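This report goes through the fold, the aromatic pairs and a surface patch. The sequence and structure come first.

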Amino acid sequence: MTILLAMCLFSLSMSISPGPVNMTILAAGVNYGFKRSFPLVSGATFGFTFLLSAVGLGISNLVEQAPFFYEVLRYTGTGYMSYIGYKIMVSRPEIELKEEQLPRYRHGFFMQWLNPKAWIACLSGVTSFGLNSSLGLLVIFVSIYFFICYLSLAAWALLGSKLQFLTKVKNGMKAFNIVMGSSLIIVAAYLLFSHL
């Protein structure tokens, strides 16, 4: 029972804490509303769960043998998160949304695989709970994480949708998008430079 509680607390702290994906989902919630942001939430949840499963099933052993992987991940992840931040900054709120502007499932899914925070969460979770040697515990951990991650990311989208009053404030959305986009770029840069 103690290990299940520890897994829940670990999952919650890593899922609910601000990070690149959470900030992107918050911005999507403000710009597009909860319902239209839900594919992004779903993609990010499934992407993370798939990554966690892969790490638990042994990809972490391959990663340890190829230390350059972390370097590639750091720079690729920073570049991708900065690109998303830039897209948020320059997005213009429009009355009528075009279909191609809406956040997609695939965006959330692939964002997790390029998110250094997601890799750190997966590697530290698998190591901390000794999941490399126990398939049963890995299945339990992945199940717990899936549920908590889905709720946490949905909460960020819901919070964003509650901030949609900014659309009625003059230049409110423009200012919000600039702040969120800049914050995402800063977080990406922090994740890059914090390991140098």
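Along the sequence, the protein of this predicted model reads α-α-α-α-α-α-α. Its secondary structure consists of 7 helices and 0 strands. The protein has 196 residues, and 46% of them count as buried. Of the contacts between residues at least 6 apart in sequence, 89% join residues at least 24 apart. The accessible surface is about 10,400 Å², with 70% belonging to carbon and sulfur atoms.

The whole structure holds 17 aromatic pairs. Phenylalanine 46 and phenylalanine 146 form an edge-to-face pair, because their ring planes stand at 65 degrees, with the centres 5.1 Å apart. This pair links distant parts of the chain: phenylalanine 46 lies in helix α2 (residues 20-65) and phenylalanine 146 in helix α6, 100 residues apart.

A further pair joins phenylalanine 50 and tryptophan 113; with centres 5.7 Å apart and planes at 45 degrees, the pair is tilted. Here too distant parts of the chain are linked, phenylalanine 50 being in helix α2 and tryptophan 113 in helix α4 (residues 105-113), 63 residues apart. Ring pairs connect a cluster whose members include Phe46, Phe50, Trp113 and Phe146, along with Tyr105 and Trp119.

Relative accessibility for some of the residues discussed here:

| Residue | Relative accessible area | Class |
|---|---|---|
| Phenylalanine 46 | 36% | partly exposed |
| Tryptophan 113 | 22% | partly exposed |
| Isoleucine 140 | 36% | partly exposed |
| Phenylalanine 146 | 25% | partly exposed |

Isoleucine 140 sits in helix α6 (residues 135-162). Together with Ile3 and Leu4, Ile140 makes a nonpolar surface patch of about 200 Å².

How values were computed: Residues numbered from 1 in each chain as written. Predicted model: local features only at pLDDT ≥ 70, side-chain atom pairs only at ≥ 80, totals over all residues. Heavy atoms only, no water. Patch = residues over 30% accessible without salt bridge, like charges linked within 9 Å, V, L, I, M, F, W, Y side chains within 5 Å. Areas by Shrake-Rupley, 256 points an atom, 1.4 Å probe, with all protein chains shown as cover. Salt bridge = Lys/Arg side-chain N within 4 Å of Asp/Glu carboxyl O. Helix = DSSP H or I, 4+ residues; strand = E, 2+ residues; numbered from the N terminus. Buried < 20%, exposed > 50% of the residue type's maximum accessible area, 1.4 Å probe, protein only. Contact = heavy atoms within 4.5 Å. Phe/Tyr/Trp six-rings, centres within 6.5 Å; stacked < 30°, edge-to-face > 60°.
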